[in-house]
Amino acid sequence: DWTPAAFVQETVDKIKAQVGDKKVIMALSGGVDSTVAAELIHKAIGSNLYCIFVDNGLLRKNEFETVLDSYKHMGLNVKGVNAKDLFYGELKGVSDPEKKRKIIGRLFIEVFQQEANQLKDISFLGQGTIYPDVIESVSVNGPSVTIKSHHNVGGLPEKMNMGLVEPLRFLFKDEVRRVGREIGISDIFLGRHPFPGPGLAIRILGEITPEKVAMLQEADAVYIDGLREAELYDKVWQAGTILLPVQSVGVMGDERTYEFTVALRAVTSVDGMTADWAHLPYEFLAKMSNDIINKVKGINRVVYDISSKPPATIEWE
Ligand code: XMP
């Protein structure tokens, strides 16, 4: 019978045997998989695991600082790399969703490779690949038709020419969570909603600017904190805020405004392949609308996305 405790013991032994006293480099994303994988490798080889956590400027509000801090508390040997300006610079003027994904994927590899080159004698690449990634490596929408190209911290190995350490390769998501719990990883990581590799870039429809990112981060933080406060966060599979590329007329005091709209998205799902829009309470939505419009400068309208997948997708791009 499979148990998390036995898995951890066996996996740590295997990593020790595979890696010996050589060095492993690994990119962390703040998500469940890379965090659990890193902690397993860390248990096996300690500070011979070199972790890289890249700030692409497209993470949630305060996410980079908070997550980097948590990694350090876990004792991981981690370097935070601020690459915001590089990403903003290359994304400037780009509106096409697939182009955005390609640019972000390419820059991520470049940044990671540059960090890897600065470290000497790295023999292995650690990755948080899980079984569903292995069986459908093309896209979450199925292996035959690519509706959206998929970029996350996977996709590194061929070019890097290193051995792979993938401790979660045969696990499903719920097993990864159980292993994580077994080795004491905080619920902040284990219970976290999925977040796409390209981050807020695909939740800002059209062109990305640092100002739009900041606006969306504020609105999104109100929404996500609100979900947690109302104890709704764990009841939905994923939630997020989308900044629409339209401005509309509003009124504030006796002034006319002409500002942006955000759409709130929350879905229930098992695996992200299909999803239903979450029937959040009207009172909650009303509060979110008020809070966002009152707190976030530049937004005067909030809408709720009531589309399911299919035919819609979870993300808007
Ligand atoms: P869609 O929008 O295709 O999303 O219904 C399904 C799930 O996949 C996530 N997603 C991505 N994750 N890189 C990722 O790492 C991507 O390019 C990407 N696109 C979508 C999305 O957040 C949802 O959980």
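Predicted model: local features only at pLDDT ≥ 70, side-chain atom pairs only at ≥ 80, totals over all residues.
**Stop 1: Val 32**

Stay in that selection and pick Val 32. It sits in helix 2, residues 32-45. Is Val 32 buried or exposed? It has 23 C-beta neighbours inside 10 Å, so Val 32 counts as buried. Now show its contacts beyond four places in sequence: Val 176, Arg 177, Gly 180, Phe 189, Leu 190 and Arg 192.

**Stop 2: Thr 35**

Move along to Thr 35, also placed in helix 2. Thr 35 is buried, because 27 other C-beta atoms lie within 10 Å, and 20 or more is the cut-off for buried. Leaving out residues up to four places away, Thr 35 touches Leu 28, Ile 185 and Phe 189.

**Stop 3: helices 1 and 8**

Select residues 4-19 for helix 1 and residues 173-182 for helix 8. Their axes are 9 Å apart, at an angle of about 80 degrees. Helix 1 is therefore roughly perpendicular to helix 8. Where do they meet? Pro 4, Ala 5, Phe 7 and Val 8 of helix 1 meet Arg 178, Val 179 and Glu 182 of helix 8. This contact has 5 nonpolar, no polar and 2 charged residues.

**Stop 4: helices 4 and 5**

Finish with helix 4, residues 84-91, and helix 5, residues 97-118. They pack at about 150 degrees, with axes 10 Å apart. The crossing is right-handed. On helix 4, show Leu 86, Phe 87, Glu 90 and Leu 91; they meet Lys 100, Ile 103, Ile 104 and Leu 107 on helix 5. By class, 6 residues in this contact are nonpolar, none polar and 2 charged.

How values were computed. Residues numbered from 1 in each chain as written. Axes fitted to C-alpha atoms, helices over the stretch in contact; angles between N-to-C directions. Helix = DSSP H or I, 4+ residues; strand = E, 2+ residues; numbered from the N terminus. Parallel < 35°, antiparallel > 145°, perpendicular 65-115°, else oblique. Contact = placed C-beta atoms within 7 Å. Nonpolar A, V, L, I, M, F, W, Y, C, P; charged D, E, K, R; others polar. Left-handed = near helix turned anticlockwise from the far one by under 90°. Buried ≥ 20, exposed ≤ 12 C-beta atoms within 10 Å, placed from the backbone.
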